[in-house]
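Subject: Structure handover

Hello,

Here is the structure I promised to pass on to you. Please have a look at it first; my notes on what turned up follow below.

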Amino acid sequence: MTSTTLVFLGPVRTGSGPHGDSTALAVRDGRILALGDDARGLAPTADEVVDIGDGLLMAAFGDGHAHPLFGGLESFGPQVKQLDSVAAIVAEVRRWADEHPGAEWIVGASYDPALAPGGEFDARWLDAAVPDRPVVLRAHDYHTVWCNTEALRRAGVTRSTPEPRLGTVVRRPDGTPLGTLREWHACDLVLDQVPARAVDELVEAVRRAGHAYARAGVTWVQDAWVEPEMADAYLSAVRAGALTVRVDLAQRADPDRWPHQLGPFADTRARVAAEGGELLTARTVKFFSDGVVEGGTAAMLAPYVDAPHSCGMPVWEPGALAEAVCAFDAAGFQTHIHAIGDAGVRASLDAIEAALRANPPWDRRPVITHVQVVDPADLPRFAALGVIANFEPLWAQPDPVQTELSIPRIGAHRAELQYPMGELARDGVRLSFGSDWPVSSHLPLEGVQVAVTRRTFAGEPRGGWIPRQRLTVEEALTAATTGVAHQAGADERLSLAPDAPADLVLLSADPRAGDPMEIRHARVLGTWLGGRATHRARAGTSAEGRSADPTYAS
């Protein structure tokens with residue numbers, strides 16, 4: 001194989017500290033060869049030279065918590081994600097159903113739960129579009145399902161259906177099911193009836209997800225919810241050459257059967273290690289500590305304002321969570337716990353502390369993800385226990401989910417405790433960023449902008465929402481790159497240095513310069529995975545006829 005040399009000329013953020021910028025970077029055989037003057041000296045004989053211009057070259061982004069397979073699958077059904085009314089969603093379901101008369105089930109995602117009062121959607125609204133075939137739509141939190149009457153009928157969900165242990169069947173005053181199902185066991189009443197996807201569809205979903213990530217400048221993703229058939233789909237994608245991003249699979253531990261999952265999870269980890277090549281691993285176990293605030297299922301230390309009888313829905317009893325985390329930690333799996341409410345966060349910290357006490361030391365790097373509401377007494381425990389706080393920074397703004405669902409449910413005092421990025425950063429806690437795609441946008445720069453400003457894209461509020469929790473641009477970029485690399489156990493990708501893998505992203509503008517409210521408008525001009533381009537944007541042309549983007553010369 002012939003070696004090729006690629007040289008970038010211009011501003012380079014190395015990620016090695018506040019004074020770590022460089023003026024050039026050279027790549028050969030998938031790894032960084034040189035920086036600065038040493039790299040510039042290689043330009044005359046390089047196979048390709050990229051003039052960065054006014055842009056910025058930096059380490060590629062990572063996504064520390066996402067669901068790529070779900071994201072890819074969303075493109076197969078009705079496109080309801082960006083629609084802003086119930087009527088528009090119903091019209092799109094009707095359109096898709098008319099165009100796919102042979103589809104037995106109509107399955108889509110992910111609608112906005114704030115479009116109906118209390119997030120409660122009626123089956124009859126979908127019946128108006130499709131009365132004779134089952135329709136199942138996931139809310140964008142993936143903890144809620146909206147379905148039509150035919151889907152309820154096929155699932156046998158009626159007035160007499162008992163309330164599931166983990167979940168809620170939202171009902172009309174007469175006890176009949178409304179059409180909205182919340183959390184695991186309730187959603188599964190219908191989802192278990194949906195025919196399984198063909199393997200070729202799952203592989204295509206992986207391919208589409210990888211291309212979306214390449215265009216976003218992302219080269220590593222934590223798939224944070226993997227069932228057995230999904231691992232098989234990823235391995236099929238590897239064999240087909242359809243996986244174009246690094247992915248670690250987090251297998252989901254089930255509170256009802258986790259002891260029986262220990263062996264199969266280890267078998268899957270070994271099989272992926274043997275067959276997954278350099279892009280696929282399965283080193284992590286995912287736990288859902290609780291649900292979501294907007295659905296009233298996040299586990300809270302005190303009752304909900306709008307439901308004084310309820311503190312939410314813990315998915316695990318705290319002692320059982322600790323026992324399971326200890327067991328999987330002893331088997332060498334990284335812990336990745338979804339925790340939204342303050343009680344969910346506390347139970348997660350307790351479980352990780354129990355594992356540290358019970359098991360011998362190892363490089364465990366435990367992760368608590370989302371970290372929405374944290375009791376102030378628990379903030380110091382993140383640093384003390386070495387917990388990585390994985391935030392989805394795009395959520396840290398007063399959008400309709402906050403103003404219409406979450407804040408009315410938890411009240412003003414607890415609303416001020418949400419997404420404590422700034423406090424944890426000042427405590428020295430390792431932060432990593434994720435998107436939870438397709439729950440929300442997979443574009444890292446959108447999340448970086450919100451982390452820095454704590455404002456909506458429309459600019460509200462002017463001073464930032466809970467401004468003490470804002471990050472600097474450097475802190476946010478570090479969380480989106482170095483922080484995720486640390487979470488991934490990829491210490492060789494913590495900074496751009498000689499011999500490090502050349503996972504790179506080229507931006508059209510430096511996010512550290514200019515108005516923070518413009519960060520998301522920087523374009524991703526190129527993405528390189530191990531020195532191989534996975535995305536190259538077409539160069540634009542300015543009014544004067546000059547290239548508006550960095551130029552590529554070979």
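A residue is called buried here when its relative accessible area is under 20%, exposed when that area is over 50%, and partly exposed in between. Please also keep in mind that this is a predicted model.

**Cysteines**

With that cut-off, cysteine 147 counts as buried, because its relative accessibility is 0%. Cysteine 311, by contrast, has a relative accessible area of 32% and is therefore partly exposed. How many disulfides does a search of the whole structure find? The search returns zero. A disulfide is a covalent bond between the sulfur atoms of two cysteines. For cysteine 147, the closest cysteine sulfur belongs to cysteine 187 and sits 9.0 Å away, so the two are too far apart for a bond.

In soluble globular proteins, nonpolar side chains tend to be buried together. In this model the largest nonpolar core has 112 residues, and Phe287 and Phe382 are the ones with the most contacts inside it. Helix α7, residues 199–216, supplies the largest share of this core, with eight residues. Another core, of 19 residues, lies apart from it; Val93, Ala103, Phe121 and Leu137 are among its members.

**Around phenylalanine 287**

Which residues does phenylalanine 287 touch, once its neighbours within four places in sequence are left aside? Its contacts are Ala253, Trp316, Leu321, Ala324, Val325, Phe328, Thr335, His336, Ile337 and His338.

The structure holds 15 aromatic pairs. One of them is formed by phenylalanine 287 and phenylalanine 328, edge-to-face, with 6.0 Å centre to centre and 70° between the planes. Phenylalanine 287 lies in strand β14 (residues 280–288) and phenylalanine 328 in helix α10 (residues 318–330), so their pair ties together parts that are 41 residues apart in sequence. Both of these phenylalanines are buried. Ring pairs also link Phe287 and Phe328 with Trp258, Phe265, Trp316 and Phe333 into a cluster.

Strand β1 covers residues 5–13, and threonine 5 is found in it. Is threonine 5 buried or exposed? Threonine 5 is buried, because its relative accessible area is 8%. Its side chain is joined to that of arginine 28 by a polar contact of 2.9 Å.

β1 runs parallel to strand β5 (residues 56–59), and two bridges join them. Valine 12 has leucine 57 of β5 as its bridge partner. β5 also pairs with strand β19 (residues 504–507), this time in the antiparallel sense and over four bridges. In that pairing, leucine 57 stands opposite leucine 506.

**Backbone points to check**

Most residues other than glycine have a negative phi, and most peptide bonds are trans.

- Alanine 109 and serine 110 are joined by a cis peptide bond, with omega about 0°. Serine 110 lies in strand β7, residues 106–111.
- From tryptophan 437 to proline 438 the peptide bond is cis, with omega near 10°. Proline 438 lies in the loop between β18 (431–433) and α15 (444–453).
- Valine 371 is not a glycine, yet has a positive phi of about 45°. Valine 371 sits in the loop between β16 and α12 and counts as buried, at 0% relative accessibility.
- Arginine 454 also has a positive phi, about 50°, although it is not a glycine. Its place is in the loop between α15 and α16 (473–480), and with a relative accessible area of 0% arginine 454 is buried.

The loop that holds valine 371 also contains glutamine 372, between β16 (367–370) and α12 (379–385). At 3% relative accessibility, glutamine 372 counts as buried. Leaving out residues up to four places away in sequence, glutamine 372 touches Val293, Ala339, Ile340, Gln402, Ser406, Leu417, Gln418, Tyr419 and Pro420.

Happy to hear what you make of it.

Best wishes

Methods
Residues are numbered from 1 along each chain as its sequence is written. This is a predicted model: local features need pLDDT of at least 70, side-chain atom pairs count only at pLDDT 80 or more; totals for chains, interfaces and linings use all residues. Side-chain values use heavy atoms; hydrogens and water are left out. A nonpolar core is a set of buried Ala, Val, Leu, Ile, Met, Phe, Trp, Tyr and Cys residues joined through side-chain atoms within 4.5 Å. Buried means under 20% relative accessible area, exposed over 50%, partly exposed in between (1.4 Å probe, protein chains only). Contact means heavy atoms within 4.5 Å. A disulfide is a pair of cysteine sulfur atoms within 2.5 Å. A polar contact is a pair of N or O atoms within 3.5 Å; within protein, one must be able to donate a hydrogen and the other to accept it, and residues adjacent in sequence count only if both atoms are side-chain atoms. Two strands pair if DSSP finds at least two bridges between them. Rings of Phe, Tyr and Trp (its six-membered ring) pair if their centres lie within 6.5 Å; planes under 30 degrees apart count as stacked, over 60 as edge-to-face and the rest as tilted.
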